[in-house]
Amino acid sequence: MISTSMVTATPWPKQRLAASLFLVLGMDMFMVSPLLPQISAGFGVSIGEASVVAWSFSLVYALLSPAVALITNRFTRRSAMWFGAAVFSTGVLGAALMPTLGLVVAGRALAAVGASIMGPPVWSFATETAAPHEVGKAVAGVAATFAAGQIVGVPLGGLVASFASWRWTFLAISVIGAVLAALIGLRLGKEARIPEKVGITEAFADSLNLWSHREFSFLLTANFFAQATRYATYTFAGALLFTRFGLDTAQLGLVGATVGAGSLIGATIGGRLVDWVRARKGSQQLLNLSFAAVMTVFITLATASGHLWFSLAGWAFTFAAGSAFVSNGQEMLTHSAGKNRAYALSWNNSALYAGTALGTFVLGLAPLGTTPFVVMAGGFGALTIVASALLWRLTNRSKSP
């Protein structure tokens, strides 16, 4: 193992190369929303039925991530990253080529397997190789790269889909992912970290034992609902903006870029706020509670407003606050979990994607844009606030003499 206290200078080029995998993850996850009307029409199914293309990926990721971490932690971060990226790219390629909705979903499931392999090692690598005073910045860099994938990829994908087919967008993501897998395998270099050597049974016990800590449980619960608030709701943003304001596929791609810009700004500012708060021994839990409140207000505006520009502002600010929220949570996990950070991050990723999957499924049951839809979206945000408040209260109690 390696302690972040041993790192004196953050290797930013290596950090950026590892984080580049989240570029394609950002493209892939946000691409479905503007393409959902086209996928729905192509297979002759409803928007709610077509949303399985989105939530199936999240569900598989959520189910596999903790188990996969028990295996990948026994290898170098580089090995896990390039192998996971290769599996991910193969799955996305399958989704691009399959002729039926069921087979497209199977391709998405395989892509999720690859993502569950490569995701936690990216977060772990970012924190393990960062200098102690730059951990928040390093975590924010991964989140910002994820957002950059949305900013660049979604409008281009929407433009391509408007002239050709949604399949070409998945094909492009597959090619980019394969190239990044090769670059990481060839150029990331050696790691100071020594791969885990304990048995699977002991590793499983270490992983499961994390849930005995109430701070861990509350933090993951908050992240679960935060992801349901922003990502699950955003799955329907393309269809909502299409039906309410008549935006076409290319315009929806630009909306995706706007939301991505919000994520990028939120991650960047949030990461620096985290380092600033930690340096002054402030409360990161209170900071997250503030982010949760902002996110809840703006997701309600995004889904309820009948004015286009108010709705767009709602989406952008929702993702700015949500990105800062999750970045702060990731940083808190890395400090509290110690040598078990890979397991903690895998559970956290599981919670994030489970929130996306369940939230998408539940929202798909409500008529698009109706009062029940808006109430459920805002309700997820309210539950994020409650979980964050409980975590803040618990932390304050544990610090009391």
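**Entry 1: the end of α11**

I began at glycine 246, which follows α11. Its phi is positive, near 75°. I note that this is a predicted model, and I read the angle as such. I then went back into the helix itself. Helix α11 covers residues 237-245. Which of its residues are buried? I list Ala237, Gly238, Ala239, Leu240 and Leu241.

**Entry 2: α6 by itself**

Next I looked up helix α6, residues 101-128. I get 28 residues for this helix. From first C-alpha to last, α6 reaches 40 Å. That is close to the 40 Å expected at 1.5 Å a residue. I also checked the axis for a bend. Where does α6 bend? I find the bend at alanine 115, and its angle is about 25°. I count α6 as mostly covered, with 22 of its 28 residues buried.

**Entry 3: α6 against α15**

I moved on to the packing of α6 with helix α15, residues 341-363. The angle between the two helices is about 135°, and their axes lie 9 Å apart. That angle makes α6 oblique to α15. I record the crossing of α6 past α15 as right-handed. Which residues make the contact? On the α6 side I have Gly119, Pro120, Trp123, Ser124, Thr127 and Glu128. On the α15 side I have Arg341, Ala342, Leu345, Ser346 and Asn349.

**Entry 4: serine 124**

I picked one residue from that contact. Serine 124 sits in helix α6. Is serine 124 buried or exposed? Its relative accessibility is 0%, so I count serine 124 as buried; the cut-off for buried is under 20%. I then listed its contacts, leaving aside neighbours within four places in sequence. Serine 124 is in contact with Arg77, Ala342 and Leu345.

**Entry 5: phenylalanine 218**

Last, I went to helix α10, residues 214-234, where phenylalanine 218 is placed. How does phenylalanine 218 count by accessibility? At 25% relative accessibility, I count phenylalanine 218 as partly exposed. Buried would need under 20%, and exposed over 50%. I looked up its contacts too, not counting residues up to four places away in sequence. Phenylalanine 218 touches Ala387, Leu390, Leu391 and Leu394. I also took one distance. Phenylalanine 218 and threonine 384 are 166 residues apart in sequence. In space, I read 9.9 Å between them, C-alpha to C-alpha.

Methods. Residues numbered from 1 in each chain as written. Predicted model: local features only at pLDDT ≥ 70, side-chain atom pairs only at ≥ 80, totals over all residues. Heavy atoms only, no water. Buried < 20%, exposed > 50% of the residue type's maximum accessible area, 1.4 Å probe, protein only. Helix = DSSP H or I, 4+ residues; strand = E, 2+ residues; numbered from the N terminus. Expected span 1.5 Å × (residues − 1). Bend = angle between axes of the 7 residues up to and from the residue. Contact = heavy atoms within 4.5 Å. Axes fitted to C-alpha atoms, helices over the stretch in contact; angles between N-to-C directions. Parallel < 35°, antiparallel > 145°, perpendicular 65-115°, else oblique. Left-handed = near helix turned anticlockwise from the far one by under 90°.
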